[in-house]
Amino acid sequence: MAIGTNGSAARPRRATGRVVAITGACTYLGGELVRQLEEDTRYAKVLLLDVREPPVLAEGITKARFYPIDLTQPTIDGEIATLLAREGVDTVVHGAFLAHPTHATEWAHELEDVGTMHVLNACAAAPPQRFVMLGTTMAYGAYPHNPNYLSETAELHGHRDSRFINDKVRADKQAQRFAREHPGVQVAVLRFAPILGPTISTLHTRFFGRLAAPVMAGHDPLLQFLHEQDAAWALKLAVDGDATGPINIVGKGVLPYTTVLALMGRVALPMPYLIARAGAKALWATQVLSSPPSFLDYLLYVCVADGSKARRELGFTARFSIKRTILDFLGASPEDGATDIASSFA
Amino acid sequence: MPNDPTDPTDDLADDLADDLADDDDAADGWPSGAPDASAVADASWPDDDVFLGGEASLAPHASQDHYPSMLDDSTELGAEQREIERRLEGGRTPVYPLDARRPLPLEFVWKRWRTFAMRGRSDVVDDFGRDPIATARWEWVLDFLYSKWFRVEVTGLEHVPDEGRALLVANHAGSLPYDSAMVMHAVRRDHRARRDVRPLVEDAVFHLPWLGPLMNRIGGVRACPENAERLLANDELVAVFPEGVKGMSKLWRDRYRLQRFGRGGFIKLALRSRAPLIPVAVIGAEEALPLLGRITWFARNVGIPYVPVTPTFPWLGPAGLLPLPSKWRIAFGEPIDLAGEYGPDAAEDRLLVGRLAEQVRAQVQGMVDALRKS
């Protein structure tokens, strides 16, 4: 705590209330956080660091200000540090991560892995009191030896050849190393379960948005989803609170993959893993598919996280059950079943 | 708020209240009946709007008189319009409640398809993936095997507690886990509290194609300390087969000779979670699938520890995996209360754990021998 308190005491405090800097304010979670901070009187100022002006600013947000920052630039850490020191930022929320894989893997690596390094360098130079980073439970990896519920102490295995996952693993590990080296900064890494919802766009919304989906023949792992509103709420709780370390943010309940497909009314295409993998590799290489071949592993083995730490330390329990999350994603209310599934393909 | 001389929120609130008062359809938030076509036609919506077409129904407060300009960002409809644009930008088709829903010709097909796809499965499973509907669907198979095929005789069921956690420790045999299924079914069928047993299934079986997911749906759980601890913390009955794959792969000539009880993980589990151990002896599983030999040279490549050779498999193909109709006996022994004797710290004492595991193994072996002689 010593570093953080000294650091912020030395800085000019023009505003009464907390000052938050958000990277990746253009994302769904970033935008939702800005809206919630706008309504919370404890927060005085919000700095939005992103490459383009976040759409949330157009909604008459008064507390927020946009600073064009490109995390992939080589000397951007110095600029961020100056900004953090000048504005007296006490909370940094690092959310500049991709929700779905891109074929521009080099750029994604620069943004996620190197971008995290830049943000952490800036935080080392101008230490905030609190640093919150957005991660994913996919970083644990889907492996046959996984227990049904992975706790935060489980190792991040990632995926042997997925840059999309491994960049997130490396960002997560960087944040943990930063936490060890800077005990004065409260570092929290929120590992979100796969997020579904009517507005958000992620790897999973794209995958399940298609009419048909592959099923690895003979395998049917349990899946876990988090509703986008639950995710936004958990992020706000994490920014408010003082919980540290990695924290799994998960939804309520699990469902087998084939049941998820049935509930969504998707056509399940059973195929052997090796054939599916070869096909997915070819389609990914030709940029026909937007989900990488490594995603198939998550349809083979279980990768479900345990949310008890979030319940204890953040007071977060998901409000949406997995079934409700799926119906909400489809645009169906429980009363009318999922009869308007077809409207999402109109 | 650039173009907004008056505060629109009051108007909208009043309007909403009016709508709720005189429109039943609005009671559940959104109109579900026939859309008010005249209101939409009179409004200033573009006709070619795909998502808010002619038959579209709108939010309940959006009545004709209060239609704001679409360019007016400060009102709720302006916000909705922007939201729709945001969704389109994100590559997602906008859906309820933002876009108005239109019945599509495919709707009927989708409804039937969903009902068809959901047959035999429940939309709620428990924490470890047991599906109540799937369990009920397979119940008759287990019951047939239990009462007609194996003609199981059970003794000592009164030792299984009516409530609270307990760890059933049983011997293991047969290339397929028919014994876990029978122990599970015995307690569910004949115990007075009809409790559910969660058998822990070793990886080699749990990840078998089709069979693994099926076992998971009807109650099996992958054997690992984290899962077992979580189950016991929920006060469930857990059945463990500490011999593991070594028990399953013992040959006919070694039948009913219990193998090493793993590394004593089940003892640590019982000590940590303060659960009583109930020794269980199963007779008949060895004869149901007598293992004459094991083929290992290509089994590793397909991810299983060995290919069993029995009198019927692989000669009869998959049908050879069906068990022979041997006579089964299952005996539940007196509970061993380790928690009364040792504290939770005893789980760290490796010598003690090893000794206790061997004691329990000897006890189960004694029960098996006594049951075979009787």
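With 12 C-beta neighbours inside 10 Å, Lys327(B) counts as exposed. That is my way in. Keep in mind that this is a predicted model.

So where does Lys327(B) lie? It lies in the loop between β8 (307–309) and β9 (329–332) of chain B. Leave aside residues up to four places away in sequence, and Lys327(B) touches Arg151(B) and Gly284(B). Take Arg151(B). Along the chain, Lys327(B) and Arg151(B) are 176 residues apart. Their C-alpha atoms are separated by 5.9 Å.

Now chain B as a whole. There are 14 helices and 9 strands. Of its 374 residues, 35% are buried. Look at contacts with a separation of 6 or more. In chain B, residues 24 or more positions apart account for 70% of them.

Next, the sheet in chain B. It is open, with 7 strands. The order reads β1-β9-β6-β2-β5-β3-β4, and the pairing is mixed. Which strands stand at the edges? They are β1 (153–155) and β4 (221–222) of chain B. Each has a single partner strand, so one side of each is left without a neighbour in the sheet. In one bridge, Val201(B) partners Arg222(B) in β4(B).

Helix α11 (residues 265–273) of chain B touches β2 (166–170), β5 (237–240) and β6 (277–283) of chain B. The direction of α11 makes about 165° with that of β2(B). Helix α14 (residues 350–373) of chain B lies across β2, β6 and β9 of chain B. Against β6(B), α14 runs at about 35°.

One helix pair in chain B deserves a slide. The axes of α5 (residues 132–149) and α6 (residues 178–190) of chain B come within 10 Å and cross at roughly 90°. The two helices, α5(B) and α6(B), are therefore roughly perpendicular to each other. Which residues meet? From α5(B), we have Leu142(B), Asp143(B) and Tyr146(B). From α6(B), we have Ala181(B), Met182(B), His185(B) and Arg189(B). The residues of this contact divide into 4 nonpolar, 1 polar and 2 charged.

Over to chain A. Here we have 11 helices and 13 strands. Buried residues make up 55% of the 346 in chain A. Among contacts in chain A between residues at least 6 apart in sequence, 79% join residues at least 24 apart. The C-alpha trace of chain A spans about 60 × 40 × 35 Å along its principal axes. A compact globule of 346 residues would have a radius of gyration near 20 Å, and chain A agrees, with 20 Å.

Chain A has an open sheet too, of 7 strands. The order is β3-β2-β1-β4-β5-β6-β11, and the pairing is parallel. At the edges stand β3 (64–68) and β11 (245–249) of chain A. With a single partner strand each, both have one side left without a neighbour in the sheet. Neighbouring strands of this sheet are turned by 20° against each other on average, direction ignored.

Strand β2 (residues 43–50) of chain A pairs with β3(A) in the parallel sense over 5 bridges. Val46(A) stands opposite Ala64(A) in β3(A).

Last, the helices on that sheet. Helix α3 (residues 76–87) of chain A lies across β1 (18–23), β2 and β3 of chain A, running at about 170° to β2(A). Helix α5 (residues 163–181) of chain A lies across β5 (130–136) and β6 (186–192) of chain A. It runs at about 155° to β6(A).

Notes: Residues are numbered from 1 along each chain as its sequence is written. Chains are lettered from A and ligands numbered from 1 in the order in which they are written. This is a predicted model: local features need pLDDT of at least 70, side-chain atom pairs count only at pLDDT 80 or more; totals for chains, interfaces and linings use all residues. Axes are lines fitted to C-alpha atoms, for helices over the stretch in contact, and angles run from 0 to 180 degrees between N-to-C directions. Helices (H or I, at least four residues) and strands (E, at least two) are DSSP runs, numbered from the N terminus. Angles under 35 degrees count as roughly parallel, over 145 as roughly antiparallel, 65 to 115 as roughly perpendicular and the rest as oblique. Two residues are in contact if their C-beta atoms, placed from the backbone, lie within 7 Å. Ala, Val, Leu, Ile, Met, Phe, Trp, Tyr, Cys and Pro count as nonpolar, Asp, Glu, Lys and Arg as charged, and the others, Gly among them, as polar. A residue is buried if 20 or more other C-beta atoms lie within 10 Å of its own, exposed if 12 or fewer, and partly exposed in between; C-beta atoms are placed from the backbone. The radius of gyration is taken over C-alpha atoms; the globule rule is 2.2 Å times the number of residues to the power 0.38. Two strands pair if DSSP finds at least two bridges between them.
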